Every structure is written in C-alpha cells, then in structure tokens.
Amino acid sequence: MVEIVNTVETIDAVPHNSAALRSLYAARVKIHPKRGSGYFRNLKWLVMLVTLGVYYLTPWLRWDRGAYVPDQAVLVDLAHRRFYFFFIEIWPQEFYYVAGLLIMAGIGLFLVTSTIGRAWCGYTCPQTVWTDLFLVVERWIEGDRNARIKLDAAPWSFNKAWKRVSKNILWLLIAVATGGAWIFYFADAPTLARQFFTFQALAVAYATVALLTATTFVLAGYLREQVCTFMCPWPRIQAAMLDEDSLVVTYNDWRGEPRSRHHKKAQAAGETVGDCVDCNACVAVCPAGIDIRDGQQLECITCALCIDACDSVMEKVGSPKGLISYSTLRTYDAHKAGGLAVIGWRSFLRPRTFVYTAIWMAVGLVMLFSLLHRERLDVSVLNDRNPLYVRLSDGSIRNGFTVKILNMEQRPRSFVLSAEGLAGSTMTMTGGVGEALHEFTVEIEADKLRAIKVYVAVSPLLLGGGEQTPFEFKVVEKATESTPETRSIPAFFHAPPKETTP
Amino acid sequence: MASREKDEISGTETTGHEWDGIKELNTPLPRWWLWTFYGCIAFALGYMIAYPAWPLVKGATPGLLGYSSRAELVKDIDVARTAQSAQLEKVKSLPLEEIRKDADLLQFAVAGGRAAFRVNCIQCHGSGAAGGKGYPNLNDDDWIWGGTLDQIHTTLQHGIRYTADPDTRQSPMPAFGADGILTPEQINDVAEYVLSLSGQTSDTEAAARGAPVFADNCAACHGDAGEGKQEFGAPRLTDAIALYVSDKASVVAQINKPRQGVMPAWNARLDEMTIKQLAIYVHSLGGGEMPVP
C-alpha cells in the first residue's frame with residue numbers, strides 16, 4: 001500500500017461522542033485532545049490568561065472609600081449586607097441593580113450567541129477555561145495525546161503511578177487556589193488570607209473552599225466535556241438563539257467531500273475527490289470528542305481548535321485554508337448551491353441583533369441613570385399598632401412610631417427629624433423620657449441604619465376629631481457644603497373615636 | 001437454573017410477563033442505586049441502635065448515644081444563658097438608672113423585659129401594655145404608685161394589696177357608702193365634684209355642695225385639689241385618665257364601695273434580674289418618669 005498524501009499523517013482518532021457512536025448505556029470513553037496550535041489556540045490562550053487573571057486577582061484590588069467602609073474594590077460583604085463594586089455601593093434593598101446586571105448578562109449572551117455563536121462556551125466559560133488549564137498540566141506531565149493514550153493503556157508501573165499522582169496533586173493545587181480565591185470576594189482578602197492559613201477563619205470559609213475545590217477538581221479534571229453535553233442547560237437554550245446568520249464552526253463539506261485518504265490514486269482513477277484528506281486532525285484536537293464533519297451538533301462548544309488543526313493540514317497539502325471555518329448557515333447554503341458568498345458586516349446587522357442591543361443598552365442606561373440619581377438617605381416609618389394610641393393625663397393623644405433612618409453615605413451625617421402637618425404636636429424620643437420638642441437632631445454613623453422610637457402627642461381638639469390624620473415625617477440633612485438631602489415619609493396619626501373623647 | 005427467556009435485541013432476560021405481545025425486560029437496578037439502597041438499610045440499623053427508635057410502653061428505647069431532644073433544648077438554653085451571662089450580671093449588679101443610661105444594656109434589658117412581660121403580665125395588662133378597665137395602662141404618663149424606675153421596680157417586687165407580702169403597696173380606700181360613712185346625697189354631690197375636677201360636665205350646684213365633703217373625707221389621700229398622692233397610691237382625679245370608667249355612675253360606685261385591684265408580688269416568683277428588666281421595659285413604654293432631684 002502506498003502512502004499518497006505525503007506529509008500528512010492520518011491520526012487514528014475516533015469521535016467518541018458523535019451521535020452515531022454514542023450508546024445510551026455505554027460508559028464514557030475518555031477523550032485525549034491533542035495539543036492544538038494556530039490563531040484560535042492563541043486567542044484562547046489570551047482569553048484564558050485574562051479570565052483567570054481577573055478571577056484570581058480582583059479580590060486583591062483596593063479602592064479607597066474613606067475611613068468607615070472597607071477598601072476592597074470588589075466585595076460582597078455578607079456580614080454587613082453590603083456589596084461594593086469600585087465606586088458603587090449597594091445596600092440589600094438596592095439588589096435590583098444586581099438583577100439588572102443579570103438581565104444585561106442574559107441579553108448580552110443572547111446577542112453574542114446570535115451573532116458569533118457559542119463564543120461563551122468555546123472561550124470564556126469557566127468549565128472550558130479550567131478544563132483547558134487542567135489539560136495543560138496533564139500534557140506537561142503525561143505528554144501529548146499519543147503518550148497519554150499509551151499511558152492509559154499501560155499496566156500500573158512506578159512511572160505511571162508517579163505521573164498520575166503528580167498530575168492529581170497539581171490539579172488539586174489549582175482547585176484549592178480556585179476555591180480559595182472565591183472566598184476572598186466575601187471578606188477583606190488580606191485579613192481572610194491570614195486567618196485562613198492560621199486556621200482562624202470561619203468554618204463556612206473552609207467549607208466553601210472545600211466544596212469549590214471538589215467541584216473544580218472533578219469537573220475540570222474528570223467530567224470535562226460531559227458537563228457541557230449532559231449537565232449544562234445552555235447548549236439546549238442556544239439552539240433557539242442561533243439562526244442562519246450566526247457564526248458557527250462549520251465543516252465546508254461542499255469543498256471537502258468526497259473525502260479521501262488517497263487523493264492522487266483516486267484522481268488517477270478518475271474519481272472526484274474533495275479537499276478533505278480524512279486525516280482526523282480535527283477529531284484528535286476536539287475536546288468534546290466529536291467529528292465536526294458530521295455537521296452542527298449539540299456537543300460542539302465552538303472552541304475552533306479544529307479550524308486551527310485543519311488549516312495547518314490544508315497548508316501542508318497545498319489546499320486553501322478554511323475547509324473548516326467559522327461560517328453561517330446562510331453562506332454555507334449559498335456555497336453548497338454553487339454560489340459564492342462571503343460573510344460581511346451585514347450578517348451582524350440584522351433586526352435581531354439590533355433588538356438585543358437596544359434592550360441591552362436600555363437596561364444599562366436605566367440602571368446608570370438611576371444609579372446616578374439614587375438617594376443616599378432612606379427613611380421608613382412604622383406605626384405602633386399595639387396600642388394604636390395612648391391617652392395622656394392632660395387629655396392629649398400619643399402615637400408611637402419607629403423611624404428608621406438609613407445614612408447610605410460613607411461618612412457620618414446628622415439629620416433633623418420633625419413631624420410636619422400635625423398642628424400643635426410635640427415629639428419625645430428615648431422612651432418618652434426627656435423634653436417634648438418639635439424637632440430632633442439625629443446623628444447617624446457612616447453607612448449605618450438607626451432606628452429611633454418617636455412618640456408624637458397632640459391634643460384631640462387640634463385633630464379636628466379625625467380618627468386618622470395624615471401627616472409626614474420630614475428628615476433633613478444638616479449640611480453645610482452640599483445641598484441637604486431631604487426625605488418626607490407619609491404617616492397617619494391615630495386617635496380614639498369621637499364619642500369617647502372627653 | 002432454569003433457562004430464562006432472553007430478549008433478542010437487548011440480550012436482557014425478560015421477566016416472563018407479557019402484555020399484548022410486549023414483554024417486560026428484567027433490567028437489573030443500576031449498581032450505584034442498589035448500593036445506596038443497601039447503605040440506607042445499614043444506616044437505618046445503626047440509627048435504631050444509636051438513637052431512640054423503638055416505642056415501648058413508657059417512652060422509647062433510649063439508644064446507645066443517649067440522645068434526647070429535650071436534653072438538646074436544655075443545652076441550647078444553657079448556651080444562650082452563658083452567652084447572655086455578662087449582660088445579665090451587669091443587670092443584676094448595676095442600679096436601674098445606670099442600666100438605662102447604657103444604650104446597649106438598655107436594649108438588652110428592654111428585650112428581656114418584653115419577653116418576661118409577655119409571659120407574666122399580659123394576662124392583665126394586655127399584650128401592648130395598654131391595660132383595660134381596672135388594669136392600668138402602662139404606656140401613659142399617669143402613675144398611681146409612681147413612674148420612676150425605682151417606683152416601678154418596688155411595685156413589681158411587692159405587688160399591690162398582695163396580702164402574702166408584708167411590704168406590699170396598700171391603699172385601702174374606705175367604702176364610704178357601704179359602711180355608712182357618707183349619705184347617698186353626699187356621695188352624689190362629691191361624685192359631681194370629682195367629675196368637675198377632671199373638667200367633665202357636672203351639676204354645678206351639686207359639685208359646690210360636694211366640695212366640702214371632698215375636703216373632709218377625700219383630700220387627705222387624693223390631695224386638696226384632687227391631684228392625687230403617689231405615696232398612698234391615691235390616683236390623681238384631675239386628669240383625663242381613670243382606672244375605672246369615668247362616667248358618673250362609675251364614680252358613684254367607686255365611692256360607695258371601691259373596687260381594689262390586686263397585683264401579685266413578683267419577687268417570690270421571678271428572679272431579681274427579670275424584675276429589673278421588667279421595670280426597665282415598663283419604664284420604656286413612653287410614660288416613664290425621671291426621679292425629681
């Protein structure tokens with residue numbers, strides 16, 4: 001038998017996960033992705049560097065907010081119920097900003113998927129990134145695809161054992177670092193790090209690290225493509241997101257088929273042959289274990305490593321690159337019909353992407369607007385209900401209120417609290433002991449809430465006989481430099497029914 | 001073993017059951033499922049030995065670990081007590097006024113007092129401490145026996161007209177009618193006078209006749225102008241608050257044969273810390289008074 005395709009070696013790779021080979025009951029066949037190289041591999045290295053860098057380093061960024069609040073740039077302070085993101089501070093009742101961000105993330109994902117396909121899955125999904133990282137370790141210790149297959153098949157020996165042990169130890173170290181970085185988002189990172197290593201941190205911190213270490217280790221080390229194929233709902237949802245103008249990794253079978261391993265022989269025999277030399281390079285590099293030549297499939301995470309692999313083969317055999325390429329269904333169909341089509345900017349500019357962009361921007365702008373105009377003073381008033389009112393010895397009626405004043409600024413402020421629209425009323429604070437006044441000055445610490453018990457008394461003669469008299473509590477900031485913040489909260493003054501009034 | 005029928009396509013044994021030509025396969029359980037199941041059985045056996053499980057005539061088998069949910073609760077309460085011990089100790093040792101001035105301790109005492117109030121006091125004074133007919137409202141600023149911290153504390157300790165306590169607060173108002181001290185006419189007149197004291201509509205002539213009667217019989221305790229005297233537990237008659245209803249019939253009935261409510265002495269039933277917390281709670285309800293310097 002003569003080897004015709006001179007420089008390209010045919011790889012004995014099986015697409016274990018292709019629909020045809022996958023039995024419902026069979027155990028998983030381990031996939032040994034071959035190291036790729038090329039444009040998309042480099043892009044993936046870059047994305048990996050950026051995403052891992054952001055994940056591991058963000059908690060260590062500092063952001064000066066003054067003396068009263070933590071200086072960690074990104075901090076979910078569960079203990080004090082605050083969320084800090086650089087210049088933004090969010091209180092629990094402002095959680096809708098987080099909801100808004102999630103909506104933006106969702107719409108953003110729709111937009112990305114409908115234009116450039118499953119880029120999230122192929123490049124930025126943590127599962128993809130950490131699997132890639134674990135593969136680097138695996139390749140470094142056990143060698144590339146063939147060496148790993150050989151090692152897997154080899155009987156247990158010292159060589160195999162130490163390779164396995166050191167691989168798992170390295171994986172475990174990465175997993176611990178991953179789980180460890182997570183907790184630093186929830187407490188002051190340097191303090192927590194010190195506590196963590198001196199075993200003084202809370203049990204929940206260790207539990208969280210243990211859990212995330214376990215998931216990282218198992219998901220990226222052993223489950224890998226099964227997470228994408230069986231566990232993740234996103235591949236199912238994406239089917240609805242993709243349309244004929246979305247970029248998908250495509251095997252251009254109009255060019256490649258009929259594939260042949262023996263081009264010249266076949267050509268000499270007068271057969272038509274396509275560009276595909278059936279070298280299986282695309283299958284060997286695939287981390288999902290599929291054959292892209294089967295067409296679009298659920299398991300494909302569009303990591304584009306097969307494009308790199310095929311391009312280098314095409315270069316070797318002297319055919320034009322792009323036998324496997326990012327393409328849209330529309331251009332693919334056009335080519336198949338014998339036409340010529342190029343993916344232009346037009347394929348990105350269509351009603352769908354406009355709508356997604358518009359919604360995405362609308363949510364973003366609404367959030368930005370409300371963020372810039374949000375109140376940093378909040379007041380809530382709770383009327384005592386038991387008893388609803390108390391008659392005092394001078395015949396006047398007293399109501400109790402709990403006034404909560406939230407100073408959401410990162411500095412202490414003082415406010416003047418008064419009851420407006422209740423003629424002749426007086427107020428007392430601190431258990432009714434103390435002077436009856438018309439207004440009180442309340443000092444509130446930076447970034448704190450203070451609940452104040454206020455008793456308001458008024459003569460029934462001045463109430464005009466109403467059982468419920470509307471009035472409002474007014475809180476005015478005592479400010480010298482800026483315009484004082486003001487809040488008025490409506491409340492009701494309750495009095496006994498008319499007939500029992502003496 | 002008898003040969004079983006095997007399904008041609010899957011190679012699995014059948015159960016032999018057939019419905020309309022469809023045969024049921026005897027697919028074995030997944031191994032993980034089976035082992036989980038066995039594991040559960042093993043766990044259940046161990047659990048029955050270690051923990052209370054088998055119902056007997058009286059109670060259940062105690063189990064090797066001697067666990068009981070009641071003991072668990074006692075432990076939890078102990079833990080809570082220990083956690084509060086520093087504050088409780090402070091409540092015990094500090095004078096009431098000092099406790100009131102310490103914001104954190106005040107909050108602790110008010111919370112503890114509220115809890116004790118709900119158990120011991122709401123039966124008469126109501127859950128909002130608003131009282132009712134014959135039971136004083138503790139939210140207002142009218143105090144029969146005084147509304148400073150110490151006065152409230154004494155009332156709580158020794159009760160009112162609680163004969164079992166020698167130090168109890170006593171205020172025996174005579175039954176002016178029932179014992180024949182005053183005539184019905186005099187009682188009518190003095191009732192009109194009392195109504196006039198608190199600014200209610202009254203018969204001016206009768207009230208004028210009642211004034212000397214009041215001065216002779218009532219002023220000793222209730223004061224010359226009916227302003228009341230806390231040391232005798234004599235209520236102020238000039239204000240808008242009445243322990244019993246303030247219409248004329250009620251006033252007449254009270255002069256004729258006074259009802260005299262009883263409050264138990266709590267020092268025999270509650271510990272000192274709880275009584276102090278109760279005093280602070282009642283004082284904090286909005287009518288608390290400060291001692292006159």
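**Figure 1. The hairpin of β2(A) and β3(A) in the predicted model.** Two residues lie between the strands of this hairpin, and F86(A) takes a positive phi near 50 degrees. Strand β3 (residues 88–90) of chain A pairs with β2(A) in the antiparallel sense, over three bridges. Within this pairing, F85(A) stands opposite I88(A) in β3(A).

**Figure 2. The hairpin of β1(A) and β2(A).** Strand β1 (residues 74–77) of chain A and strand β2 (residues 82–85) of chain A are joined by four bridges in the antiparallel sense. Four residues separate the two strands of the hairpin, and R81(A) in the turn has a positive phi of about 55 degrees. In a regular strand, side chains alternate between the two faces of the sheet.

Figure 3. The buried residues of the helix are V209(A), T213(A), T216(A), F217(A), A220(A) and G221(A). They cover an arc of only 100 degrees around the axis, and therefore lie on the same side of α8(A). Just after the helix, R224(A) takes a positive phi of about 45 degrees.

**Figure 4. The packing of α8(A) against α4 and α6 of chain A.** The buried residues of α8(A) pack against α4 (126–142) and against α6 (158–183) of chain A.

**Figure 5. The largest nonpolar core.** This core has 42 residues, and those with the most contacts inside it are C282(A), C306(A), C310(A) and I324(A). At least two residues of the core are supplied by each of α4, α6, α8, β4 (248–251), α13 (281–285) and α14 (305–317) of chain A. The largest share, seven residues, comes from α14(A). Apart from this core lies another, of 26 residues, including Y389(A), F401(A), L417(A) and A491(A). In soluble globular proteins, nonpolar side chains tend to be buried together.

**Figure 6. The surroundings of C306(A).** Leaving aside residues up to four places away in sequence, C306(A) touches V249(A), C282(A), V285(A), C286(A), I292(A) and I324(A). Both C282(A) and I324(A) are, like C306(A), among the residues with the most contacts inside the largest nonpolar core.

Key: Residues are numbered from 1 along each chain as its sequence is written. Chains are lettered from A and ligands numbered from 1 in the order in which they are written. This is a predicted model: local features need pLDDT of at least 70, side-chain atom pairs count only at pLDDT 80 or more; totals for chains, interfaces and linings use all residues. A residue is buried if 20 or more other C-beta atoms lie within 10 Å of its own, exposed if 12 or fewer, and partly exposed in between; C-beta atoms are placed from the backbone. The arc is that of the directions from the helix axis to the C-beta atoms. Two residues are in contact if their C-beta atoms, placed from the backbone, lie within 7 Å. A nonpolar core is a set of buried Ala, Val, Leu, Ile, Met, Phe, Trp, Tyr and Cys residues joined through C-beta atoms within 7 Å. Two strands pair if DSSP finds at least two bridges between them.
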